[in-house]
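Colleague: I would like to go through the backbone and packing details of this model. Please take the points one at a time.

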Amino acid sequence: MAGVQGSELAIAVSNAGGLGSIPCAMLSPEQIRLELSAIRARTNQPYNVNFFCHTPPEPDAARETVWRAALSRYYEEFGIDASAISQGPGRAPFGSEAADLLVEFKAPVVSFHFGLPSASLMARVKASGSIILASATTVEEALWLEAHGADAVIAQGFEAGGHRGMFLSEDLTTQVGTFALLPQIVKAVKLPVIAAGGIADAKGVAAALSLGAIAVQIGTSYLICPEATTHAVHRAALKSEAARHTALTNLFSGRPARSIVNRLMRELGPMSDIAPAFPLATSAIAPLRAKAESRGDGGFSPLWSGQNASGCVELAAAELTRRLAGV
């Protein structure tokens, strides 16, 4: 949900009885502080703070050159000077500054994507009383998370929108659907398991609970709530028939993530061997995205969505939360 929500959505969900979450992968420490302060000021309910745990890659100038060459025709089309595009990581992994903030705010729940942080950082977070959740896309990843200190496992099915949480393998053939993955993980680990991916209504929630989940994690259905900050072109795509066609793509960040299929994905991918390693692919795409979105065009935007966007409704997040809970 990084880039499509702030504290407003998290507060609304928590106050409605759900576990609101704030994505921090694209926030600076000061931005995280502001968001956590806003949450603390407007709810006394539990909330979750989410981080990425990737290892930043070494910049590869040769690969970046090849990547920008592949994008050159689009730069020309939009009148963009490629030489003026700066390079940058775009997303920061969890580190000591973020840990300091979690200790200061005593965040009730902290979740991680792409594995877990170092043992020393984990110890600091746990010492502050936070419950730690982490995503697993395979049984092997769930067992690894259990062995390395997670308090609960999020079983992320293949249907889920956004980045795959896979961290023990890059083999996409290991990825399976939510309702195939969930009971296998429930059977394999002793930890509570949360289901994620393709769940869009109360019936889906009930189905996940019947298979052993203690809760569900839902993202796509909240993307067009008024509290979300989802861009207009992204909202339009989610409400259109285009949302029925999603695919995993590494073009926007360098790592597999599920998006509504758009022009860039059709013409260059959706998966490309030349895209720089995560998260370095982002910087070369950013000016194309900005220019296209200014014209109402989502052809170069990461239109994150799960395979089931049927739950997307322009409804207040609190009401949506109650509907999903069946109340």
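This is a predicted model: local features need pLDDT of at least 70, side-chain atom pairs count only at pLDDT 80 or more; totals for chains, interfaces and linings use all residues.

Colleague: Are helices H1 and H12 parallel, perpendicular or oblique to each other?

Modeller: Helix H1 spans residues 7-15 and helix H12 spans residues 317-324, and their axes lie 8 Å apart. The angle between them is about 45°. Because angles under 35 degrees count as roughly parallel and 65 to 115 as roughly perpendicular, H1 is oblique to H12.

Colleague: Which residues make the contact between H1 and H12?

Modeller: H1 passes H12 in a right-handed crossing. By class, the contact residues divide into 5 nonpolar, 1 polar and no charged. H1 contributes Leu9, Ala12 and Val13, and H12 contributes Ala317, Ala318 and Thr321.

Colleague: Which residues lie nearest the centre of the second largest pocket?

Modeller: This pocket holds about 480 Å³ of space. Its lining has 11 nonpolar, 6 polar and 4 charged residues. Of the 21 lining residues, those nearest the centre are Glu170, Gly254, Arg255, Pro256 and Phe278.

Colleague: What is omega for the cis peptide bond between Phe278 and Pro279?

Modeller: Most peptide bonds are trans. Pro279 lies in the loop between H10 and H11, and Pro270 is also placed in the loop between these helices. A cis bond joins Gly269 and Pro270, with omega of about 15°. For the cis bond joining Phe278 and Pro279, omega is about 0°.

Colleague: Where does Lys106, with its positive phi, lie?

Modeller: Most residues other than glycine have a negative phi. Lys106 is not a glycine, yet its phi is about 50°. Its place is the loop between helix H4 (96-105) and strand S3 (109-113).

Definitions and conventions:
Residues are numbered from 1 along each chain as its sequence is written. Side-chain values use heavy atoms; hydrogens and water are left out. Axes are lines fitted to C-alpha atoms, for helices over the stretch in contact, and angles run from 0 to 180 degrees between N-to-C directions. Helices (H or I, at least four residues) and strands (E, at least two) are DSSP runs, numbered from the N terminus. Angles under 35 degrees count as roughly parallel, over 145 as roughly antiparallel, 65 to 115 as roughly perpendicular and the rest as oblique. A crossing is left-handed if the near helix is turned anticlockwise from the far one by less than a right angle, and right-handed if clockwise. Contact means heavy atoms within 4.5 Å. Ala, Val, Leu, Ile, Met, Phe, Trp, Tyr, Cys and Pro count as nonpolar, Asp, Glu, Lys and Arg as charged, and the others, Gly among them, as polar. On a 1 Å grid over the protein atoms alone, a cavity is a set of points where a 1.4 Å probe fits but cannot get out, and a pocket is an open set with protein on both sides within 12 Å along at least five of seven lines; lining residues have an atom within 4 Å of a point. Grid points are joined across faces, edges and corners, and a volume is the space filled by probe spheres set on the points.
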